[in-house]
Amino acid sequence: MAIRVLIADDQEMVRAGFRAIIDAQPDMEVVADAPDGVIAVAEARRHKPDVCLFDIRMPRLDGLEATRTLLAGANGTGPRIVVVTTFDTDEYVYGALRSGATGFLLKDSGPTLLVEAVRAAASGESLISPSVTVRLLERLTEPVPEGPKASHVLTERELDVVELVARGKTNAEIAETLFVSVSTVKTHLEAVRAKLGVRNRVGIAAWAWEHGVVG
């Protein structure tokens, strides 16, 4: 079954370009596009896409608020959202991921990364533009001064998985590193997500940096 994608961007040429790239893939289809955040939310609720590509700066409702609106109360059942933007600023990156976005991609990343980001989001993983990943986590996650230690919250094996997630490893890479199956990695990640109360692996990675699991 094809991955159903919604595109939201206030520039018609950008929407057309993304549509051409995605519709050219044998396992993807664009089900709707929108010129602003209000229409994007309405179209997402109507078409129920697997993945949404949201620009940040859009009229009426920006991409961050559209993300929060769609995911509010979804409890993991909402669409996966990848923010695709021109603006590589810490505030935007952090805001997107804290709002629940699965990935963050710069518009100049090229068609290959765009397609990879859609596939990663559809499979429950995340892709963040390499140029912002390490900087994002190192600079924007502040250590938690108080509270339970990481080792008191997660098991030793869960901490191993979380550290690798924070270093940007995929499920397959984590499985290879820890000599376990991909399904076992997914089981650990779901347990971790539930314990930490975060939406996705990006939230897991941020928690890892905040709590000194990786440094």
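Reader: At what angle do helix 8 and helix 10 pack, and how far apart are their axes?

Author: In this predicted model, helix 8 (residues 156-166) and helix 10 (residues 182-196) pack at about 90°, and their axes are 10 Å apart.

Reader: Why are helix 8 and helix 10 called roughly perpendicular?

Author: Angles of 65 to 115 degrees count as roughly perpendicular. The angle here is about 90°, and helix 8 and helix 10 are therefore described in that way.

Reader: Which residues make the contact?

Author: Helix 8 contributes Arg157, Glu158, Val161, Val162 and Val165, while helix 10 contributes Val185, His188, Leu189, Ala191, Val192 and Lys195. By class, the contact has 7 nonpolar, 1 polar and 3 charged residues.

Reader: What makes Asp55 buried or exposed?

Author: Buried means under 20% relative accessible area. Asp55 has 4%, so Asp55 is buried. Asp55 lies in the loop between strand 3 (51-54) and helix 3 (63-71). Not counting residues up to four places away in sequence, Asp55 touches Ala8, Asp9, Asp10, Gly63, Val84, Thr85 and Lys107.

Reader: What feature does UniProt place at Asp55?

Author: The unreviewed UniProt entry places "modified residue: 4-aspartylphosphate" there, at Asp55.

Reader: Why is strand 2 described as largely enclosed by the rest of the structure?

Author: Strand 2 (residues 28-34) is so described because 5 of its 7 residues are buried.

Reader: In what sense does strand 1 pair with strand 2?

Author: Strand 1 (residues 3-8) pairs with strand 2 in the parallel sense, over 6 bridges. The bridge partner of Ile7 in strand 2 is Asp33.

Notes:
Residues numbered from 1 in each chain as written. Predicted model: local features only at pLDDT ≥ 70, side-chain atom pairs only at ≥ 80, totals over all residues. Heavy atoms only, no water. UniProt positions renumbered as here; feature names shortened; annotations may be inferred. Helix = DSSP H or I, 4+ residues; strand = E, 2+ residues; numbered from the N terminus. Buried < 20%, exposed > 50% of the residue type's maximum accessible area, 1.4 Å probe, protein only. Contact = heavy atoms within 4.5 Å. Axes fitted to C-alpha atoms, helices over the stretch in contact; angles between N-to-C directions. Parallel < 35°, antiparallel > 145°, perpendicular 65-115°, else oblique. Nonpolar A, V, L, I, M, F, W, Y, C, P; charged D, E, K, R; others polar. Pairing = 2+ DSSP bridges.
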